[in-house]
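Subject: Structure for your study

Dear colleague,

Please find the structure below, together with its sequence.

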Amino acid sequence: MENRLLVWLCAVAVLSGTRSPAAAAGRSCSDTRQVYSEKGYSTNSAPVTQISGEHLRLCPQDYTCCSSQMEETLSFQSEKDFLKAIEDNSQFLLTTFTQRHRKFDDFFRDLIELSEKSMNQMFTKTYGLLFTQNAHVFQELFVELRRYYSGGSVSLSEVLSDFWSRLVERVFSLVNPQYQFSEDYLECVSKHAEQLQPFGDVPRKLRAQVSRAFIAARALSQGLATGRDIVSKATKLTVDSECVRGLMRQWYCPLCRGVPSLKPCRPLCLNVMKACLANQADLDTEWNKFIDALYMVSEKLEGPFNFELAADAISVKVSEAIMHMQENSVSISSKVFQGCGNPRPAPARSKRSPKETGGNRRPFRTYTPEEKPTTAAGTNLDRLVTELKERLRPMQGFWVSLPHTICNDEKMAADVTNEDRCWNGQTRGRYLMSVTGDGLLSQINNPEVEVDITRPDVRIRQLIMELRVVTNKLRHAYNGQDVDFMDSEEGSGSGGEDHGERYSDDWPGFGPYSPPYGKPPRNPVTSPAKPPRSRDRNGSKWNRNNGRVKSTANLHTLALVPFVFLPFVITVAPLWR
């Protein structure tokens, strides 16, 4: 009778899905020992058959194949698995930002170098020895452009203004070789160049084109570097004990139960991941704005803010400016003489040799597309931008979707079709709890991991602020504005002011500028005048003409066109009109 009762109880236990203590205690742990060994751990402490689980701290205290040492070891393993999953799933972001930043940075730097090299070659052929003697004026321009692109505290407006001021002094000395000018006299010329506009509207157009392209290029390069750094920092997690408990319960408690092949139910996995990545999810709003801003600026770089066209335009537009001053030298000089006084005649000197005057000059020309040197980046801007945009869109919503990405991996959780044949945290069966929302505040009722929503991760809050700062820079760059120099001087020194105008003829093939989302562009803000250049001067006055003189024979001036050596005729003109 007793034997029948025992058989009946065993049958009921089997049919009801539970096991008798005797059956549980005698079940083999061979599968658990094998998996544990495959992970590189010694099985010396692993039970051969299931034992009572009263010693367990993390897993259900049922009969188990894990000793206390095994449970502790597997909890560390669950943390490693979690961090590895974060690293693997964020690798696309980190690789993209790192590689794209390097490619764009190399490309932009190569273009600046090629632009300078192109100008040196063209102007040397065109103007000969006297250009090389004055090459430092142009070298300083490119030094400052590099400084700006590299993140230096440089105002592009002032860089170009200083360049035109230096250039007008040298060209003015050249078109008037029969006079000698003191430094004070030449400063008087450059000081009033904005009224004279000796280079026409070329400085204004070049400033608009170069500034917008350089601002966008620098903002994009800095944005890609910031994205790389934020991903690197945000994925270096410090896993707290509650998160480790949740990770262990979902991934390795089935192993301790003796069913290592049983994966956690997907909703269980999502709740654990959303708790462990709650702070990272709070990055998502600012992250999406950042990705949008990067996308917008990259589009501008292949369109109206094209960096290649701007770099190519520097030498061409400088040449146009010099030619404009040559053609209008008589009227410009007349106004200068009336405003700054009559200069002293230059002492007699021998006629310059053809080599000095550039008599063997070749016509000015630019590179054709076929002749243009290849950059070290080995590509062109359109291709770089296209590749970047293709990679940016999948980055939207990355931080909020990261728990889903991890739990969609068949190695991490059961497929949704196996919702009745998965580990629900206690045993095999359907997971009945609801999946929580995204972000720290939503974890207040997380059923799997206890999260202190009153203590946000300080590092993540700092990264959110960094995202806001870089997004603000990118949005201003999209409108052609440098947020670091919003109050910088807008004038071009010798070519008038831009006043935020957009020129449709700056970039061939593009129509008039259209502000984003139908919003009008902001009006630029002006600031006090820039400080004088470092040259040692006592200042320039309106009619100063008796300062220390320097013969033009000692000035390294450009030799432009043959007619500048013809007798100069002074014409009467109203004062500085």
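Leaving aside its neighbours within four places in sequence, which residues is Thr-73 in contact with? They are Tyr-36 and Tyr-41. Please bear in mind, here and throughout, that this is a predicted model. Thr-73 lies in helix α4, and with a relative accessibility of 18% it counts as buried, because the cut-off for a buried residue is under 20% relative accessible area.

The chain as a whole

The chain has 577 residues, and buried residues make up 49% of them. It contains 21 helices and three strands.

Two pairs of helices

Helix α4, which also holds Thr-73, spans residues 68–127 and packs with helix α20, residues 398–407. The angle between the two is about 130°, and their axes are 11 Å apart. α4 and α20 are therefore oblique to each other. The crossing in which α4 passes α20 is right-handed. On the α4 side, the contact is made by Ala-85, Ile-86, Asn-89, Ser-90 and Leu-93; on the α20 side, by Phe-398, Leu-402, Thr-405 and Ile-406. By class, six residues of this contact are nonpolar, three are polar and none is charged.

The second pair consists of helix α6 (residues 135–149) and helix α7 (residues 156–175), which pack at an angle of about 180° with their axes 10 Å apart. An angle over 145 degrees counts as roughly antiparallel, and α6 and α7 are therefore described in that way. The contact draws on His-136, Val-137, Phe-138, Glu-140, Leu-141, Glu-144, Leu-145 and Tyr-148 of α6. From α7 come Leu-156, Val-159, Leu-160, Phe-163, Arg-166, Leu-167 and Arg-170. Here the classes are 10 nonpolar residues, one polar residue and four charged residues.

Two further buried residues

Ser-211 is found in helix α10, residues 202–234. Is Ser-211 buried or exposed? With a relative accessible area of 8%, Ser-211 is buried. Not counting residues up to four places away in sequence, Ser-211 touches Leu-156, Leu-160 and Leu-206. Leu-156 and Leu-160 also belong to the α7 side of the contact with α6.

Ile-314 is placed in helix α16, residues 307–327, and is buried with a relative accessible area of 3%. Again not counting residues up to four places away in sequence, Ile-314 touches Ser-115, Met-119, Leu-141, Phe-142, Leu-145, Leu-206 and Val-210. How many residues apart in sequence are Ile-314 and Val-210? They are separated by 104 residues in sequence, and by 7.9 Å in space, C-alpha to C-alpha. Leu-206 is one of the residues that Ser-211 touches, and it is also one of those that Ile-314 touches.

An enclosed helix

Lastly, please look at helix α8, residues 183–191. Eight of its nine residues are buried, so α8 is largely enclosed by the rest of the structure. The buried residues of α8 are Glu-183, Asp-184, Tyr-185, Leu-186, Glu-187, Cys-188, Val-189 and Ser-190.

Yours sincerely

Methods. Residues numbered from 1 in each chain as written. Predicted model: local features only at pLDDT ≥ 70, side-chain atom pairs only at ≥ 80, totals over all residues. Heavy atoms only, no water. Axes fitted to C-alpha atoms, helices over the stretch in contact; angles between N-to-C directions. Helix = DSSP H or I, 4+ residues; strand = E, 2+ residues; numbered from the N terminus. Parallel < 35°, antiparallel > 145°, perpendicular 65-115°, else oblique. Left-handed = near helix turned anticlockwise from the far one by under 90°. Contact = heavy atoms within 4.5 Å. Nonpolar A, V, L, I, M, F, W, Y, C, P; charged D, E, K, R; others polar. Buried < 20%, exposed > 50% of the residue type's maximum accessible area, 1.4 Å probe, protein only.
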